[in-house]
Amino acid sequence: MSKIRTYLNFPGNAEEAFLFYQSIFKTEFVNGIQRFADIATESKWPPMSDAVKNMISHIELPLLNNHILMASDAPSELGFTVTAGNNMHICVETGSKEEAQRIFDGLSEGAAITMPIQDMFWGAYYGTLTDQFGINWMITFTAK
């Protein structure tokens with residue numbers, strides 16, 4: 001089933017923000033809190049400090065009407081720069097790999113592709129871009 005979700009990036013305070021949001025919406029995290037330490041052994045990641053390892057690599061919190069707020073920390077030590085404007089994405093979760101490719105290709109017209117759509121180590125077919133209007137998109141499909 002296709003879904004639209006909001007994805008936020010934080011410069012290191014995602015946990016603080018999401019604990020605050022959780023206190024307001026009174027919901028539980030989907031699949032707990034995932035930290036960079038959980039993926040630090042992946043060969044594509046550079047060595048990281050203990051402080052970075054403790055940061056959030058992925059978190060999901062249900063808000064209202066089945067809308068999920070998702071986020072990660074984007075530490076400068078891993079090459080990220082978080083500024084107002086690049087810290088929010090519309091995440092489109094499609095029902096098929098073909099639909100993900102079609103949407104990614106369509107949004108790519110005049111866009112800056114930040115990550116070509118491809119199979120990822122976490123099992124998703126995933127890509128990111130900033131469209132011709134400056135809107136950040138994440139397109140993803142994960143087989144169930």
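## Strand pairing

In this predicted model, Val92 has Ile139 in β8 as its bridge partner. The strands β5 and β8 run parallel and are joined by four bridges, strands being DSSP runs (E, at least two residues) numbered from the N terminus and pairing being assigned if DSSP finds at least two bridges between them. β5 is also joined to β1, in an antiparallel arrangement with six bridges, and within β5 Cys91 stands opposite Arg5.

## Surface patch

Ile4, which has its place in strand β1, makes a nonpolar surface patch of about 390 Å² together with Ile90, Phe133 and Ile135. Such patches are made of residues with over 30% relative accessible area and no salt bridge, nonpolar side chains (Val, Leu, Ile, Met, Phe, Trp, Tyr) being joined within 5 Å; accessible areas come from the Shrake-Rupley method with a 1.4 Å probe, only the protein chains shown counting as cover for residues, and a salt bridge is a side-chain nitrogen of Lys or Arg within 4 Å of a carboxyl oxygen of Asp or Glu.

## Largest pocket

The largest pocket holds about 1400 Å³ of space. Of its 47 lining residues, Tyr7, His58, Trp122, Tyr126 and Met138 are the closest to its centre. Among the elements that give two or more residues to the lining are β1 (3-10), β5 (88-93) and β8 (136-142). A pocket is an open set of points on a 1 Å grid where a 1.4 Å probe fits, with protein on both sides within 12 Å along at least five of seven lines, and lining residues have an atom within 4 Å of a point; the volume is the space filled by probe spheres set on the points, which are joined across faces, edges and corners.

The lining divides into 21 nonpolar, 17 polar and nine charged residues, where Ala, Val, Leu, Ile, Met, Phe, Trp, Tyr, Cys and Pro count as nonpolar, Asp, Glu, Lys and Arg as charged, and the others, Gly among them, as polar.

## Basis of the values

Residues are numbered from 1 along each chain as its sequence is written, and side-chain values use heavy atoms, with hydrogens and water left out. Local features need pLDDT of at least 70 and side-chain atom pairs count only at pLDDT 80 or more, whereas totals for chains, interfaces and linings use all residues.

Methods: Patches are made of residues with over 30% relative accessible area and no salt bridge: like charges are joined within 9 Å, nonpolar side chains (Val, Leu, Ile, Met, Phe, Trp, Tyr) within 5 Å.
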